[in-house]
Amino acid sequence: MTPDSSAETKINLYAPHIMSGDSTGRIIWTVAAAMLPALAYSSFIHGINTLLLILVCAASAVAAEILFQLVTGRRITAADGSAAVTGLVLAMTLPPLLPLWMAAAGSCFAVIAAKQLFGGLGRNLFNPALAGRALLFVIWSGSMRTAWNVTSEGNIPAEKLTSYGIIPQQALDVITSTPPGEGMYNAATVIPWFTESFTAFYDFMIGQNILKALFAGNSGGLTGEAAVILVLAGGVFLLWRGVITWHIPFSFLISLSFASYFFYSFTGSVSPGFITFIHIISGSVIPAAFFMAADPVTSPLTGRGMVIFGTGCGIFTFIIRSAGFYPEAAFWAILLMNAAVPLIDRITKPPVFGLNRSSK
Amino acid sequence: MFHAFKGGIRPPLRKELTGNSSLENLSVPQVCYLPLKQDSGNPAVPVVKAGDSVDEGELVAAGECAGSANIHASVPGRVVDIAGLPTVYGVQPVIIIEAEGAFGKTGKAGNTGSWENLSRDELFKKVRDAGLVRLSGEGCACDLDGTYRPDKKTDTLIINCTAVEPYITSDEILIRTHAEEIIEGILIALKILDASKAVIAVNDRNSDAALTIAGALGNRRSASAITIKKIKNRYPAGAEKQIVFGTLGRVIKSGQTAAGAGVSVHDVATIFALREAVVFDKPLIERYITVSGGMIGIPGNYKVRIGTRIGDIAEECGGLKGKASRVIIGGTLTGTAVTDMNIPVVKGTSAILFLSDGEAYAGESGTCIRCGRCIRVCPMGLMPCRIASALSRGDMTGASDFHPEMCIMCGSCSYICPAHIPLVHLINRFNSKDYEINPGPV
């Protein structure tokens, strides 16, 4: 037996004799509960395949964990909910019409390779769900980029765009082939095409209710970004319950806003504030900030460390989006910063109260 | 100027069980058990032997040196034996006295001579002779905590009136009922310490206590050296380093004692006993304790003789309502769980708690999910989870990089840990070198 497995079964009879009512299980199930409204709404607007996708992700994650623990003779820990939550988070990051078997494969990879092989709950370096998504993306990038619902209002319908007549064919291809918002925050590629009539483009976007669509959820996009407002509500719920702290989501969103606003201001964009806003509310940034970056296992321990981590996530999100033309940059940014967590933890030890500097 | 220490927790205080009780006397025990070690110093040396007759309040064991206190007979009677018995400080020699004869001193005022005319040395001798120790926490030091030393200058006396320990209400009730006496005790302590001012640290949620003290201060002309300071209601606001920072903004450095920082910190019960020792020449043979918890028949605050067995106390307090999930001597966050109901009350016993299943936590511990709560609540700025994970790998050097030696054992980290990892216990094991004697997993 490893030292840890004996610790797990030991009854604690030492002081303190009272405990806060909090437990690991409660924390994890609270996260699951916070995701449910957004996922339910997503199922409602995207249809039965999305509901099945969510269920398959959660079920296959739990099954994979149980199977792995049976095979390796470990304690079955599915009841703590962490595998189920990994599945749900993965579902959030997938296109709503993705074939179910792909989702199941990603889920199994997330739980086994990215979590259990690292030693199980609490020991994984990378966010398991995002690792699962990364694998799916590199193997089946076709499906991962096209299995969208094209909805009437939010997606930018090609015929309407062409009717403006001022939009070059390349820009049209970029905008219509990807989820909404993507075309907008890639300044380097798209903005130059609109320089002569950016206002027209802006008006068009407003006219198409892009903001309303992003908030209300009928904009297409990933399962988890069906309705930004519901995702945000889940995040606020987690903050209120004390499951996550403000450090990571706020520093993430603020750094992304700053980076985006300054970049567009200095590159001569007409409306940097508007594009910044699109940056924040589209491309899964909100779910990433509250449900993926703020995952305690794969983020730093201290408040200062969390702010560094969140800021890094925001800045990398912007760099990847603007230089690399990829909307769900937030996921990659988080994986990048996950790798930096041991280093961040090392440099952000809190000061010990009353400790002499010399005795360090 | 408001200094708040970092971290801390707000456990449910559950003071409603005993908060409105008055101070009741429990009957004196038939048999009294006096352990030789009742404080953090060396065990006292017995000056009686089996068969001797002792009077109430007679010296039965002498403090060996500074830091070790005299012990007096809590009851008059006959020394039956000096035998090794379990106590809250482990199995150790215990003087067993069977009560017989008259209780001469009980209720008598004794010497009521004016202490104002006595010198510091005379006053301090009275305190030493009475066998005074700190009455809460790990008991210790009859010599006013080592602060009474000619070479060390103490400028401020801090009275811990923060009452942030769950269940324990004896200090609050002492203030409510004996504010005048406590003010007098503070003045005596100021004279002994030759300190210029005293600060009474009061919980900012406990306006009753602040008002009572303010009222009592108003009645006294000579009390201008005493001020009241409100402290944020957070455990462990009463811990020495935290209370010194909270009241004065002074940081006690590592390796430094409170005395080294010019401060002496005492709790209300100790000051009350100090006054009795000086004004009445009364040895420390009884104290107030809080008897509480969901399983005790009549929770309350009781005056008990040192050496009374906790089983006898439980019986007199209405018995237990059923099997107690855990019996704790001391507070819920730092106290010791005991199973033997024959363990006697010692000088440092501030409370006996009989917790029900719903109150005491008794579950399994899981694995760390790196939530960082233990770091956020640590009042010393430590990283308990990092220490524990290094220890679970057997990495002693790695653990010491995180300064476990700075731990004050408040228990906040274990309280808050959602995985219920006994963090403070692991750190305590490391600090007490238990891993060297007894290697192996947690």
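This is a predicted model: local features need pLDDT of at least 70, side-chain atom pairs count only at pLDDT 80 or more; totals for chains, interfaces and linings use all residues.

User: What makes E2 and E4 of chain B edge strands?

Analyst: The open sheet has 4 strands in the order E2-E8-E7-E4 (chain B), with antiparallel pairing. Strand E2 (31-35) and strand E4 (53-54) of chain B each pair on one side only, and these are the edge strands.

User: How do you know that E2(B) and E8(B) pair?

Analyst: Pairing asks for at least two bridges between the strands, and 5 bridges join E2(B) to strand E8 (residues 90-99) of chain B, so the two strands, which run antiparallel, count as a pair. As one example of how they are placed, B:Pro35 stands opposite B:Val94 in E8(B).

User: Which residues make the contact between H2(A) and H3(A)?

Analyst: The axes of H2(A) and helix H3 (residues 48-72) of chain A come within 6 Å and cross at roughly 145°. From H2(A) the contact takes A:Leu39, A:Ser42, A:Ser43 and A:His46, while H3(A) brings A:Thr50, A:Leu51 and A:Ile54.

User: Why are 3 residues of this contact called nonpolar?

Analyst: Leu and Ile count as nonpolar, and therefore A:Leu39, A:Leu51 and A:Ile54 belong to that class. The contact of H2(A) with H3(A) divides into 3 nonpolar, 4 polar and no charged residues.

User: How many residues does each chain give to the contact of chain A with chain B?

Analyst: Chain A gives 37 residues and chain B gives 53 residues. On the side of chain A, 19 residues are nonpolar, 13 polar and 5 charged.

Definitions and conventions
Residues are numbered from 1 along each chain as its sequence is written. Chains are lettered from A and ligands numbered from 1 in the order in which they are written. Two residues are in contact if their C-beta atoms, placed from the backbone, lie within 7 Å. Axes are lines fitted to C-alpha atoms, for helices over the stretch in contact, and angles run from 0 to 180 degrees between N-to-C directions.
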